[in-house]
Amino acid sequence: MGKFSAYKVDLASKTDGHYEQDFVIGKDFFENMENQDIMTADVKVHMDMDKRHDAYECRFHCQGLLQVPCDRCLDPVDIPVDTVYEVTVKYGDDYNDDDGLLVIPYSNTSLNVSYMLYDTLLLTVPLRHVHPQGKCNRQMLEALRKHRGARDEEAEEAEEAREEARADMGDDNED
């Protein structure tokens, strides 16, 4: 049935009402998406769907943990996931995905939600993912310092000073 058959929602057999479905996202999900940046994943997704007339109101609540390499030392960094994605699905003549409304062809009896979940989870990963100050692998940082020039060390010292200043101000927003 394909590598994403576990992430399909049957639409054709639904009558008006409320439906729920759960999905589990692991490392294999990201490997199937050919994404090697996610080292491990343990995310539970709960979907609530309300079908009313010709529309399916879907709400995906994603909770769990993703692990990515630290930009500084390459050791794993835990990224907590707690996000919601909402979309309305309707049938139409042609496929169209426009700002919260997804129109799928009448010939589709189910909805593959794997790409929605993939995009939603990737958006929870900050552009810069690093350990908190002082938590990086010291051996790796030392090895990097040995291979960099003095200019790189100055830039790193300036970045560390900025991070310490942010920490002193109580601002831990490194996203």
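**Note on the nonpolar core and the sheet**

1. The largest nonpolar core of this predicted model comprises 39 residues, and F60, L66 and L117 have the most contacts inside it. Such a core is a set of buried Ala, Val, Leu, Ile, Met, Phe, Trp, Tyr and Cys residues joined through side-chain atoms within 4.5 Å; buried means under 20% relative accessible area (1.4 Å probe, protein chains only).

2. Two or more residues of this core are given by each of β2 (17-26), α1 (27-32), β3 (40-52), β4 (55-69), β5 (76-92), β7 (101-105) and α2 (114-122). The largest share, six residues, comes from β4. Helices (H or I, at least four residues) and strands (E, at least two) are DSSP runs, numbered from the N terminus.

3. Not counting residues up to four places away in sequence, L66 touches several residues, including F30, V43, V81 and L121. Contact means heavy atoms within 4.5 Å.

4. Six strands form an open sheet with mixed pairing, in the order β2-β3-β4-β5-β7-β6. The edge strands, β2 and β6 (96-98), each pair on one side only. Two strands pair if DSSP finds at least two bridges between them.

5. β5 and β7 pair in the parallel sense over five bridges. T88 stands opposite L101 in β7.

6. α2 packs on the sheet and touches β2, β3, β4, β5 and β7. The direction of α2 makes about 50° with that of β4; axes are lines fitted to C-alpha atoms, for helices over the stretch in contact, and angles run from 0 to 180 degrees between N-to-C directions.

7. Residues are numbered from 1 along each chain as its sequence is written, and side-chain values use heavy atoms, with hydrogens and water left out. As the model is predicted, local features need pLDDT of at least 70 and side-chain atom pairs count only at pLDDT 80 or more, whereas totals for chains, interfaces and linings use all residues.

How values were computed: Buried < 20%, exposed > 50% of the residue type's maximum accessible area, 1.4 Å probe, protein only.
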